[in-house]
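Biologist: I'm new to this one, so could you walk me through it while I look? Please put it up and we'll start.
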Amino acid sequence: MEEEKRETQNQLAEEEDQIVNPWEVAAKDGGKIDYDKLIDKFGCQRLDQTLIDRVHRLTGRPPHVFLRRGVFFAHRDFNEILDAYEKGKKFYLYTGRGPSSEALHLGHLVPFMFTKYLQDVFRVPLVIQLTDDEKCMWKNLTVEESQRLARENAKDIIACGFDITRTFIFSDFDYVGGAFYKNMVKVAKCVTLNKVQGIFGFSGEDHIGKISFPPVQAVPSFPSSFPHLFSGKDDLRCLIPCAIDQDPYFRMTRDAAPRIGYHKPSLIESTFFPALQGETGKMSASDPNSAIYVTDSAKVIKSKINKYAFSGGQDSVEKHRQLGANLEVDISVKYLNFFLEDDAELEHIKKEYAAGRMLTGEVKGRLGSVLSEIVERHRAARASVTDEVVDAFMAARPLPNMFD
């Protein structure tokens, strides 16, 4: 119940300071999100170098760039997942996507790129939830449109390279029922109206569909929700890679889990991918110029970066050579921190740019090349994802190589 008390204590402070929940991310006066404060408020832990080194040791593989550079920066009981793995006990991964748009932007790809790495290095099964029901309720989409977008988004997710022998993708409209629904009811009985309003900020103006939704996102954390995958494996632990705005769902889940006989799910949580215009929270789906989309051509990518990527450089070449760039606000550097694999090259760019020896145009040019290559590779992979491939990933079938 400690998490519940913390929830109540922090709600008022959060309203004054910054709002971070699954539907809204905003800092006071349009400022940056303070992740240290967020860790304190949510009650999660900072992902430190000791854990990163331990992942390296246990997997024998270099830590992902998102781990090395602090993109995934917080966790809940990730150490317990590693403890169990070290003793020969496997776990499963769970992540998801709310399908509300035709195309994904690069920020949407971040959790899936990292989840693929986790699946590869730990060799474990993965369930991916498409919350088409949630988007139908929050975005005022029709049921049919939500379902269509779920399948379109599934193609982008599959294009990230997940192993079909270890991956089950499901949409809520198609899958919810049976053992999954039984777990939803168990969770729902553990959560009062006061509790759900305190966590998510629901009001009397919200329809009851919103209030009833959180258990739907909670129960993929429990292996018995997937009897075709994990029958007889109710003790299996779950690790959830996600952005930290999803934490409220899983604070609720972790409070309910031991009361209904399950392990609390563990989480590993990322920062937000900033908008091109500056680091003020998440990107806006309503502004196509705030993000790079996986459907953007190389020409469009270059144009967006040159026009909209907020620069930390000075307003004249002479001044820039003298004072150098402010890396703390420069979006091109921040994007390279996500997507430029070569640590040595990144450090060189940061050093030269901060000293004024490299100009904004050069940094933006390198970013354009990096992002164009990623998007082109993704587009080629997605082109090979047919409806039959989507059906295969979404078929409720046993996974033959789950733990091999």
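Biologist: Which side chain does the side chain of Asp 255 make a polar contact with?
Modeller: Bear in mind that this is a predicted model. In it, the side chain of Asp 255 makes a polar contact with the side chain of Arg 259, at 3.2 Å.

Biologist: And where is Asp 255 found, and is it buried or exposed?
Modeller: Asp 255 is found in helix 15, which covers residues 247-256. Asp 255 has 9% relative accessibility and the cut-off for buried is under 20%, so Asp 255 counts as buried.

Biologist: What does Cys 190 touch?
Modeller: Leaving aside residues up to four places away in sequence, Cys 190 touches Ala 256, Arg 259 and Ile 260, and Arg 259 is the partner of Asp 255 in the polar contact we began with. Cys 190 itself lies in the loop between helix 10 (178-188) and helix 11 (193-200), and with a relative accessible area of 15% it is buried.

Biologist: Changing topic, which domains does the assignment give?
Modeller: The domain assignment gives domain 1, residues 20-276, and domain 2, residues 298-384. Their centres, taken over C-alpha atoms, are separated by 30 Å, and the contact between them takes 21 residues from domain 1 and 23 residues from domain 2.

Biologist: How many residues has the largest nonpolar core, and which ones have the most contacts inside it?
Modeller: The largest nonpolar core has 69 residues, and Phe 339 and Leu 371 are those with the most contacts inside it. Helix 6 (residues 106-122) gives the most to this core, contributing nine residues. Because domain 1 and domain 2 both give residues to it, the core lies between them. As background, nonpolar side chains in soluble globular proteins tend to be buried together.

Biologist: What does Phe 339 touch, then?
Modeller: Not counting residues up to four places away in sequence, Phe 339 touches Phe 66, Leu 106, Val 110, Met 113, Phe 273, Val 370, Leu 371 and Ile 374.

Biologist: Why is helix 18 largely enclosed by the rest of the structure?
Modeller: Helix 18 spans residues 331-339, and nine of its nine residues are buried, so the helix is largely enclosed. Among these buried residues are Lys 334 and Asn 337, as well as Phe 338 and Phe 339.

Biologist: What covers those buried residues of helix 18?
Modeller: The cover includes helix 4 (65-68), helix 6, helix 16 (298-308), helix 19 (343-355) and helix 20 (360-383). At the N-terminal end, helix 18 is capped by Asp 330, with a side-chain oxygen lying 3.2 Å from the backbone nitrogen of Ser 332.

Biologist: Now rings: how many aromatic pairs does the count come to?
Modeller: The count comes to 38 aromatic pairs. In one of them, the rings of Phe 338 and Phe 339 have their centres 6.0 Å apart and their planes at 40°, so that pair is tilted. Phe 338 counts as buried at 7% relative accessibility, and Phe 339 also counts as buried, at 6%.

Biologist: Which residues form an aromatic cluster?
Modeller: One aromatic cluster is formed by Trp 23, Tyr 94, Trp 138, Phe 200, Phe 202, Phe 213, Tyr 249 and Phe 250. On a related point about rings, Arg 251 lies over the face of Phe 42, at 4.2 Å from the ring centre.

Biologist: Last topic, the loops: where does Asn 140 lie, and what is its phi?
Modeller: Asn 140 lies in the loop between helix 7 (132-138) and helix 8 (143-158), and although it is not a glycine, it has a positive phi of about 60°. Most residues other than glycine have a negative phi. At 72% relative accessibility, Asn 140 counts as exposed.

Biologist: And Thr 142, what does its side chain lie 3.0 Å from?
Modeller: A polar atom of the Thr 142 side chain lies 3.0 Å from the backbone nitrogen of Glu 145. Thr 142 is also found in the loop between helix 7 and helix 8, and at 46% relative accessibility it counts as partly exposed.

Notes
Residues are numbered from 1 along each chain as its sequence is written. This is a predicted model: local features need pLDDT of at least 70, side-chain atom pairs count only at pLDDT 80 or more; totals for chains, interfaces and linings use all residues. Side-chain values use heavy atoms; hydrogens and water are left out. Rings of Phe, Tyr and Trp (its six-membered ring) pair if their centres lie within 6.5 Å; planes under 30 degrees apart count as stacked, over 60 as edge-to-face and the rest as tilted. Buried means under 20% relative accessible area, exposed over 50%, partly exposed in between (1.4 Å probe, protein chains only). A charge sits over a ring if NZ of Lys or CZ of Arg is within 6 Å of the ring centre and within 35 degrees of the ring normal. Helices (H or I, at least four residues) and strands (E, at least two) are DSSP runs, numbered from the N terminus. A polar contact is a pair of N or O atoms within 3.5 Å; within protein, one must be able to donate a hydrogen and the other to accept it, and residues adjacent in sequence count only if both atoms are side-chain atoms. A nonpolar core is a set of buried Ala, Val, Leu, Ile, Met, Phe, Trp, Tyr and Cys residues joined through side-chain atoms within 4.5 Å. Domain bounds come from an automatic or database domain assignment. Contact means heavy atoms within 4.5 Å.
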